[in-house]
Amino acid sequence: MMIARTHVAFALCIASCGIISYEAVATAVPHKDMILFFAGIVIGALLPDIDEPQSRIGKATPIISHAFKALFGHRGATHTLLFPLVVGIALYFVFLALSWNLAALFGLVLGCYLHIAGDMLTKSGCPIYLPFSKKNMGLLPYTLRFRTGSVVDKSIGNLCLVLFALYSAHVAGFDLSWLQHISPEKLLTMLG
């Protein structure tokens, strides 16, 4: 698994790219919906690790986390393609009954899928086809995947956090025209 901070930053960054793409061809997403969507993304980006008592969400929900780990083990049922779908369907009826905004639910489900995608970038991969196959799958060849907590893991998290911060600044109305003057070479020099 990626570290929690990287999961959240990765999910926020990828989701903001989706919002930018959507807004390029459609109307702007209302700010209330966007805030609820991103709140859902954050929760969803952590939720699959509910099966690990030492994870950030596991420490916040120890009884549930220990039960999930006892039933499914870590990186089992909560790291499959079915888990976000089942969570989404179950919560859909709760959201409807309580008249809650579905933007948060959509964010939560997408956050779960982005968590799984992030874990598929690590050496461990995920058993996304459970219960049909126990084989751990990765998004990249094994040699290109990274270890949890490694410099690469943390660097991905930091880069994604910066990109999401720039997106947030843009949405908030800050002038980001200065970015067009930064070449990749200058950026690498500044970072290096």
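1. Lys 69 is partly exposed in this predicted model, with a relative accessibility of 34%. Its side chain takes part in a salt bridge with Glu 52, in which the closest N and O atoms are 3.1 Å apart. The bridge joins distant parts of the chain: Lys 69 belongs to helix α4, residues 62–72, whereas Glu 52 sits in the loop between α2 (31–46) and α3 (56–60), and 17 residues separate the two. Glu 52, at 11% relative accessibility, counts as buried, because the limit for that class is under 20%.

2. How many salt bridges does a search of the whole structure find? The search finds 2. Besides the pair described above, Arg 75 forms a salt bridge with Asp 119, and here the closest N and O atoms are 3.2 Å apart. Arg 75 and Asp 119 are both buried.

3. Helix α6 also packs against α2. The axes of the two helices lie 6 Å apart and form an angle of about 35 degrees, and α2 passes α6 in a right-handed crossing. On the α2 side, the contact includes Leu 36, Phe 37, Gly 40, Ile 41, Ile 43 and Gly 44. On the α6 side, the contributing residues include Ala 103, Ala 104, Phe 106, Gly 107, Leu 110 and Gly 111. Sorted by class, the contact of α2 with α6 has 13 nonpolar, 5 polar and 1 charged residues.

4. Is His 115 buried or exposed? At 0% relative accessibility, His 115 counts as buried. When neighbours within four places in sequence are left aside, His 115 is in contact with Gly 44, Ala 45 and Leu 46, and also with His 7, Pro 48, Asp 49 and His 79.

5. The structure holds 0 disulfides. Cys 13 is in no disulfide, although the sulfur of Cys 160, the nearest cysteine sulfur, is 4.1 Å away. Cys 13 is buried, with a relative accessible area of 5%. For Cys 126, the closest cysteine sulfur is that of Cys 112, at 12 Å, which is too far for a bond. Cys 126 is likewise buried, its relative accessible area being 0%.

6. What surrounds Cys 160, leaving aside its neighbours within four places in sequence? The residues in contact with Cys 160 are Ala 9, Phe 10 and Cys 13. Cys 160 lies in helix α7, residues 151–171, and counts as buried at 9% relative accessibility. Cys 160 and Ala 9 are 151 residues apart in sequence, yet their C-alpha atoms are 5.3 Å apart in space.

Terms used:
Residues numbered from 1 in each chain as written. Predicted model: local features only at pLDDT ≥ 70, side-chain atom pairs only at ≥ 80, totals over all residues. Heavy atoms only, no water. Salt bridge = Lys/Arg side-chain N within 4 Å of Asp/Glu carboxyl O. Helix = DSSP H or I, 4+ residues; strand = E, 2+ residues; numbered from the N terminus. Buried < 20%, exposed > 50% of the residue type's maximum accessible area, 1.4 Å probe, protein only. Axes fitted to C-alpha atoms, helices over the stretch in contact; angles between N-to-C directions. Left-handed = near helix turned anticlockwise from the far one by under 90°. Contact = heavy atoms within 4.5 Å. Nonpolar A, V, L, I, M, F, W, Y, C, P; charged D, E, K, R; others polar. Disulfide = S-S within 2.5 Å.
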